[in-house]
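Q: Please take a close look at one open space in this model, describe what lines it, and then follow the surrounding side-chain arrangements.

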Amino acid sequence: MAWQNSQNRLLFLFEYTTVRYVGTDNKKIGLLYRIFQLTIMGYLIGWVFFKNKGYQVKDDTIESSVVTKVKGVARVNTTDSNLWGPEDYVFPSQGENFLSIATNFIETPNQKLGIKTGVCLETHNGTCEIYGWCPTEIRQSFFSPATIVREAENFTLYIRNFVRFSRFNFSTSNVPNENRTLYLKHCSYDEHFHPYCPIFRLGDIVNKTGHKFEEMAKRGASIGVLIEWLCDLDKDSDCRPRYSFVCLDKVTFDFRFARYSTDAAGQRQRTFYKVFGIHLDIMVCGTARRFCIIPTIVNIASAVTLMAAGSYICDIMLLYAMKKRTVYTESKLDRMTTYVTEACLLEMLLFSLYSLFTLRHYKLKLSKCNLPNILYINTISYSDLCLCWTS
């Protein structure tokens with residue numbers, strides 16, 4: 001008997017239950033359901049797959065290396081030279097992802113070391129004589145047009161950027177591999193005609209930020225050059241950079257440096273410069289995408305789940321919001337009830353007072369009773385109901 005009961009309990013593992021569907025000719029509910037389905041399909045295809053590329057995985061941990069080079073010469077009126085090349089006006093000269101280009105300067109020539117007594121002079125408001133370069137730095141509140149490096153507007157900046165997306169083991173560069181030398185000789189960046197050319201004119205970079213070069217050259221400024229990579233690796237040719245330019249700080253940008261020499265008497269001297277320039281900060285960001293079956297299945301399954309929610313909404317409308325909801329309820333639901341009287345409950349209480357043998361006797365007798373689990377009051381007597389209950 002125990003073995004048979006345990007076997008009956010395991011039968012549920014081999015059972016399958018399904019939902020019974022009821023069809024209706026209600027045009028409003030049918031139209032509502034189709035609209036809901038089309039909305040979910042539009043969301044899946046338009047927003048998830050087309051707009052957000054939900055069928056791909058992405059890698060935004062970009063590894064980047066930047067090499068820069070500036071070309072151009074300018075006529076200047078300084079003590080040391082009348083002509084500046086890149087080695088004179090580019091700081092630092094190594095060609096990194098940030099650099100400064102001198103566009104204006106204030107020169108203090110022929111500074112020499114002076115040894116003073118170190119005595120504080122009362123006649124000069126407590127000023128102390130020190131050991132330093134004399135004469136001191138020239139300070140002026142206005143900018144002379146003669147010191148502005150006007151040719152700097154036509155300087156060219158070459159940016160070479162290497163990027164790698166480690167998740168996909170993919171690397172590329174902003175310089176084309178085919179016909180590289182010929183291409184770089186004849187191209188200059190233009191967002192319409194040459195959007196992928198890595199050679200930029202300094203004046204054009206300033207203009208792209210919405211400022212005039214002459215105004216920015218006087219006091220200097222900081223400009224950000226943004227290189228953005230949006231790569232679709234499912235398409236071989238769709239991995240090229242996009243360039244944009246933004247003014248980070250237009251108040252002023254200046255720095256100081258000195259060039260040393262020796263006079264005819266062999267005494268060490270220097271020419272001191274306060275330089276105003278355009279500081280370029282090259283920033284690289286990007287994302288690479290590639291097809292993957294896992295996010296595709298997840299997004300499709302989510303859309304199917306939302307469609308199932310539409311069925312529940314339509315069921316609620318049919319059963320509770322329509323005029324013929326009573327007819328729909330009777331067709332959709334089978335209502336079954338059980339009823340146990342007070343007399344039956346009393347009889348059950350009396351059964352519990354019998355001896356164990358008597359109770360087992362009833363159980364053996366009731367094992368032959370094949371009554372349903374849910375009982376109708378009109379189809380079974382109180383006595384049978386109570387007997388089956390105790391079983």
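A: The second largest pocket is lined by 17 residues, and those nearest its centre are Ser173, Val175, Pro176, Asn177 and Arg240. A pocket here is an open set of points on a 1 Å grid over the protein atoms alone, with protein on both sides within 12 Å along at least five of seven lines; a lining residue has an atom within 4 Å of a point. The model is a predicted one, in which local features need pLDDT of at least 70 and side-chain atom pairs pLDDT 80 or more, while totals for chains, interfaces and linings use all residues. Residues are numbered from 1 along each chain as its sequence is written, and side-chain values use heavy atoms, with hydrogens and water left out.

The second largest pocket holds about 430 Å³ of space, a volume being the space filled by probe spheres set on grid points that are joined across faces, edges and corners. Strand 11 (residues 170–173) gives the largest share of the lining, 4 residues; strands (E, at least two residues) and helices (H or I, at least four) are DSSP runs numbered from the N terminus. By class, the pocket lining has 7 nonpolar, 6 polar and 4 charged residues. In this scheme Ala, Val, Leu, Ile, Met, Phe, Trp, Tyr, Cys and Pro are nonpolar, Asp, Glu, Lys and Arg are charged, and the others, Gly among them, are polar.

Arg240, one of the residues nearest the pocket centre, also has its charged end over the ring of Tyr196, 4.7 Å from the ring centre. A charge sits over a ring if NZ of Lys or CZ of Arg is within 6 Å of the ring centre and within 35 degrees of the ring normal.

Aromatic rings also pair with one another. Rings of Phe, Tyr and Trp (its six-membered ring) pair if their centres lie within 6.5 Å, with planes under 30 degrees apart counted as stacked, over 60 as edge-to-face and the rest as tilted. The count by this rule is 16 aromatic pairs. Phe49 and Tyr55 make an edge-to-face pair, 6.1 Å centre to centre with 70 degrees between the planes. Tyr189 and Phe245 are likewise edge-to-face, at 6.0 Å and 75 degrees. This second pair links distant parts of the chain: Tyr189 lies in the loop between helix 4 (180–186) and strand 12 (199–201), and Phe245 in strand 14 (residues 241–249), 56 residues apart. Tyr189 is buried, because its relative accessible area is 13%, and Phe245 is buried at 13% as well; buried means under 20%, exposed over 50% and partly exposed in between (1.4 Å probe, protein chains only).

A cavity is a set of grid points where a 1.4 Å probe fits but cannot get out. Helix 5 supplies the largest share of its lining, 3 residues, and the lining has 4 nonpolar, no polar and 3 charged residues.

Thr209 lies in the loop between helix 5 and helix 6 (213–219). Thr209 counts as buried because its relative accessibility is 15%, and its side chain reaches the backbone oxygen of Val206 at 2.5 Å.

Technical notes:
A polar contact is a pair of N or O atoms within 3.5 Å; within protein, one must be able to donate a hydrogen and the other to accept it, and residues adjacent in sequence count only if both atoms are side-chain atoms.
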